[in-house]
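Reader: I've got a model open and I'd like to learn how to read it. Can we go through it together?

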Amino acid sequence: MAQQRVIVVTDSTTDLDLESCQSWNLAMVPLNVHFGDEVYKDQVELSPPEFYQKLQVAKILPRTSQPSPGEFMELYKELSQEAETIVSIHLSSKFSGTYQSAKVAAASLPELDLVVIDSESASVGTAVQVLAAAEVANAGGSKEEVLARAAAAKADSSVYFVVDTLEYLQRNGRIGRAQAFLGTMLNVKPLLTITDGIVTPVERVRGKKRATNRILEMIEEDLKVRQATGSSWQRLRMGLSHAEAPEESMQLAAEIKKRFANVELFVEQIGPVIGTHVGPGTLAVSYCLLK
């Protein structure tokens, strides 16, 4: 990494792959995926395609675990040689102990200028916040400028997602308020969002195509409300992630570009950790307003 004033750290649950992290000058701490006694570093030792292949034949669902404070400390010490300040943005603290591990590491390194942020989101919902902060950091922005951009991105972003089944969220204890949608009829797809760091039900829609169209309608409605209440922005960045649904994601990406003029769209695969909790077939769309 090039010498700069601020470096942004995140974790593998943004679903940004290693190439994306490198291109955005991001440092990434991987979470762990456990298949029985086998443990893999998310995105580093187990790619999304490899994960979904293993998931198909697994007799029991995998589980996940957060990085240790020691892993964060090691990275923070290394990065402190390259930057004056480290801004570390992570998965919702209500989904994982990752944020807490980072906080423990930061408390153990009082000599470093280090800020840990709870994104209160996941997957591309966290990624849009991370990229907004990284953009300012990579342009040579100050600590205050990076933190201001991170806070604005958190306030001016949302994520919506549709799952094929609530089974994975339920089994892994991440179902949150979406418990209300259990027992839905066949082919009725639950539309979900993340509010205050918790999975929250939005509505139920029959069929996947209608569900993804509804997601885009809800984003359009959000933007109209924000505009009506005085929000202004110069750029719209959107993230799309999918769990083994490449064709559906390509169709959705095309529809996003058609509906939203000049959108800055990035597409990623949902990685092993998030995939463990949402299951194959999931599609997620986030947006972030950039001023």
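Reader: In which sense do strand β1 and strand β6 pair, and over how many bridges?

Author: Keep in mind that this is a predicted model. Strand β1 (residues 4-11) runs parallel to strand β6 (residues 83-90), and 5 bridges join the pair.

Reader: What is the order of the strands in the open sheet?

Author: The order is β2-β1-β6-β7, 4 strands with parallel pairing. β2 (27-29) and β7 (113-118) are the edges: each has a single partner strand, so one side of each has no neighbour in the sheet. From one strand to the next, the twist averages 20°.

Reader: Okay, now the inside. Which residues touch the most other members of the largest nonpolar core?

Author: The general idea is that nonpolar side chains tend to be buried together in soluble globular proteins. Here, the largest such core has 49 residues, and Val8, Leu26, Ile89, Val146 and Phe161 touch the most other members. Helix α5 (residues 124-138) is the top contributor to this core, with 10 residues. Another core, of 23 residues, lies apart from it and includes Val205 and Leu240.

Reader: And the largest pocket: how much space lies in it?

Author: Rolling a water-sized probe over the atoms shows where empty space is left. In this model the largest pocket holds about 290 Å³. Its lining has 24 residues, with Phe95, Ala122, Ile274, His277 and Val278 nearest the centre.

Reader: What is that lining like, and which element gives the largest share?

Author: The lining divides into 14 nonpolar, 9 polar and 1 charged. α10 gives the largest share, 4 residues.

Terms used
Residues are numbered from 1 along each chain as its sequence is written. This is a predicted model: local features need pLDDT of at least 70, side-chain atom pairs count only at pLDDT 80 or more; totals for chains, interfaces and linings use all residues. Side-chain values use heavy atoms; hydrogens and water are left out. On a 1 Å grid over the protein atoms alone, a cavity is a set of points where a 1.4 Å probe fits but cannot get out, and a pocket is an open set with protein on both sides within 12 Å along at least five of seven lines; lining residues have an atom within 4 Å of a point. Grid points are joined across faces, edges and corners, and a volume is the space filled by probe spheres set on the points. Helices (H or I, at least four residues) and strands (E, at least two) are DSSP runs, numbered from the N terminus. Ala, Val, Leu, Ile, Met, Phe, Trp, Tyr, Cys and Pro count as nonpolar, Asp, Glu, Lys and Arg as charged, and the others, Gly among them, as polar. A nonpolar core is a set of buried Ala, Val, Leu, Ile, Met, Phe, Trp, Tyr and Cys residues joined through side-chain atoms within 4.5 Å. Buried means under 20% relative accessible area, exposed over 50%, partly exposed in between (1.4 Å probe, protein chains only). Two strands pair if DSSP finds at least two bridges between them. Axes are lines fitted to C-alpha atoms, for helices over the stretch in contact, and angles run from 0 to 180 degrees between N-to-C directions.
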